[in-house]
Amino acid sequence: MACSSTYRVPSGLGFLGPSKIGQNPLRNKGGVWSRAKYVVSTCAVSSARPASQPRFIQHKKEAFWFYRFLSVVYDHVINPGHWTEDMRDDALEPAELYNNEFKVVDVGGGTGFTTLGIVKHVDNDNVTLLDQSPHQIEKARQKEALKGVSIMEGDAEDLPFSTDTFDRYVSAGSIEYWPDPQRGIKEAYRVVKPGGLACLIGPVHPTFWLSRFFADMWMLFPSEEEYIEWFTKAGFEDVKLKRIGPKWYRGVRRHGLIMGCSVTGVKRASGDSPLQLGPKAEDVEEPVNLLAFLFRFAIGTICASYYVLVPIYMWIKDQVVPKGQPI
Ligand SMILES: C[S@@+](CC[C@H](N)C(=O)[O-])C[C@H]1O[C@@H](n2cnc3c(N)ncnc32)[C@H](O)[C@@H]1O
C-alpha cells in the first residue's frame, strides 16, 4: 500500500493513519463562518470481505423491516447515543454548505435528523430527502422545520435523479445497509454537478474483538481505507476523511462507531462515473425464503442491540475515569 502524507492527530478523536490537516470554512444561513480541522487521506487499499462477516441486516429487505420498527423510537434512541447534534454539525462541516442556494440531496435521510442540519445552511426548497423506508420518511414529513423540503422514497443505489443535478450530496448513517456500497457512491458521483461535492457519513470498523463480532454480524462497518477506495474508484478527487464521534468516547474507536467518519470528494468533470459495475447485488423483487429471512433478521437485530449498550458503557466510563485519562 502506497501512502503519501503527513501525520497529525484530529482533536479529541485519536488517529489511525496517514493524513494532512486542512482548514474548511463553513457559513450558516445567518452568514457566520466557522473553521474546522479535517483529515486528508491519500491511501487507497482493497480489503477482502471474509465469510466471517455475514452482516445480517446489510440487505434492503432486512433494512426495510428493521426501520419498520426502529422508526418508532429512532429519534429518541439512536441520536442521543450515537449521532448527537454537535456530531452532526461537525460531520457536515466538510460538506461546505456555504451557499443557501445550493441544491442538496440527503440520501438515506430517514427521519430527517441530518436534513435538519442541512437546512441550517441551505433553503428548504433546495433540499431533497430520499429514503427507502416509508416509515422513516413519514417521521420526517411530520417535522415543521423540514416544511418545503422535497421528501421521497428511493434507493441509494439507483437514484431517481438526472446526472449532474446537485451541488451537494449528503448521506449519513445509511451506507451500512447498502448491499453494494461502491454502487451507492458511484451514484453519488453521477448526481453531483461538476465542481460539486459528496459527503458521506458512516460507521467505522471496530478493532476490539467482541465489538467486531457484533458489528460484523449486524451490518457493514467499513474501514477508513475502504471509504477512501470507494470514493476514489467512483472518480472523486480531493478525497478527505474526518473522524467524528460522541464527546464522551474521548476519541476511543476500538468499539467502532455507528457514526465514525465524514468522507468527502469533489467531482471535477460532468457526466457519469468512469467506474463500470455489473447488475445490482440485491434484487428486491426476488422472492425470499421466509425462514432464512426471519433467521437473518432476528440474529441481526439481536446483534444490533449490543450497540445500544456500547454508548451507555462508554458514557459510564467517561463519568468514572478522571478527566484527561484514557478510557
Ligand atoms: C441510521 S438511519 C440514518 C437516517 C438519517 N440519515 C440520520 O442522519 O438520522 C439509516 C437510513 O438509511 C435508510 N436506507 C437503508 N438502505 C437504504 C437504501 N438502499 N436506499 C435509501 N435509504 C436506505 C434507512 O431506511 C434509514 O432510514
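**Entry 1**

I began with β8 and β9, which run antiparallel and are joined by five bridges. Strands here are DSSP runs of E of at least two residues and helices are runs of H or I of at least four, both numbered from the N terminus. Two strands count as paired if DSSP finds at least two bridges between them. The model is a predicted one: local features need pLDDT of at least 70, side-chain atom pairs count only at pLDDT 80 or more, and totals for chains, interfaces and linings use all residues. Residues are numbered from 1 along each chain as its sequence is written.

I looked up the bridge partner of Lys240 in β9 and found Thr264. Thr264 also stands opposite Cys199. Strands β7 and β9 are antiparallel as well, with seven bridges between them. For burial I used C-beta atoms placed from the backbone: a residue is buried if 20 or more other C-beta atoms lie within 10 Å of its own, exposed if 12 or fewer, and partly exposed in between. By this rule nine of the 10 residues of β9 are buried, and the strand is mostly covered.

**Entry 1. Strand β4 and its neighbours**

Strand β4 (residues 127-131) pairs with β5 in the parallel sense over four bridges. Leu130 has Met152 as its bridge partner in β5. On β3 the pairing with β4 is likewise parallel, over four bridges, and Val105 stands opposite Thr128 in β4.

Why is β4 described as largely enclosed by the rest of the structure? I checked its burial: five of the five residues of β4 are buried, so the strand is largely enclosed. Val127, Leu129 and Asp131 point one way, while Thr128 and Leu130 point the other way.

**Entry 2. Helices on the sheet**

Contacts are counted where C-beta atoms, placed from the backbone, lie within 7 Å. Helix α8 (residues 224-234) is mostly covered, with nine of its 11 residues buried. Among the buried residues of α8 are Glu224, Glu225, Glu226, Trp230 and Phe231. The cover over the buried residues of α8 includes α6, β7, β8 and β9. Just after α8, I noted that Gly235 takes a positive phi of about 115°.

**Entry 3. The nonpolar core**

A nonpolar core is a set of buried Ala, Val, Leu, Ile, Met, Phe, Trp, Tyr and Cys residues joined through C-beta atoms within 7 Å. The largest one has 73 residues, and those with the most contacts inside it are Val104, Tyr169, Ala198, Cys199 and Phe231. Strand β7 gives the most to this core, with seven residues. I listed what Ala198 touches, not counting residues up to four places away in sequence: Tyr169, Ala188, Tyr189, Val192, Phe236, Thr264 and Gly265.

**Entry 4. Around the ligand**

Of the 22 residues around the ligand, Gly108, Gly110, Ser133, Ala156 and Ser174 come nearest. The shell divides into eight nonpolar, 10 polar and four charged residues; Ala, Val, Leu, Ile, Met, Phe, Trp, Tyr, Cys and Pro count as nonpolar, Asp, Glu, Lys and Arg as charged, and the others, Gly among them, as polar. Helices α1 (60-70) and α4 (113-118) each supply at least two shell residues. The largest share, three residues, comes from α1.

**Entry 5. Leu294 and the chain as a whole**

Leu294 and Glu62 are 232 residues apart in sequence, yet 8.9 Å apart in space, C-alpha to C-alpha.

For the chain, I recorded nine helices and nine strands. Of its 327 residues, 45% count as buried. Among contacts between residues at least 6 apart in sequence, 73% join residues at least 24 apart.

How values were computed: Near = placed C-beta within 6 Å. Contact = placed C-beta atoms within 7 Å.
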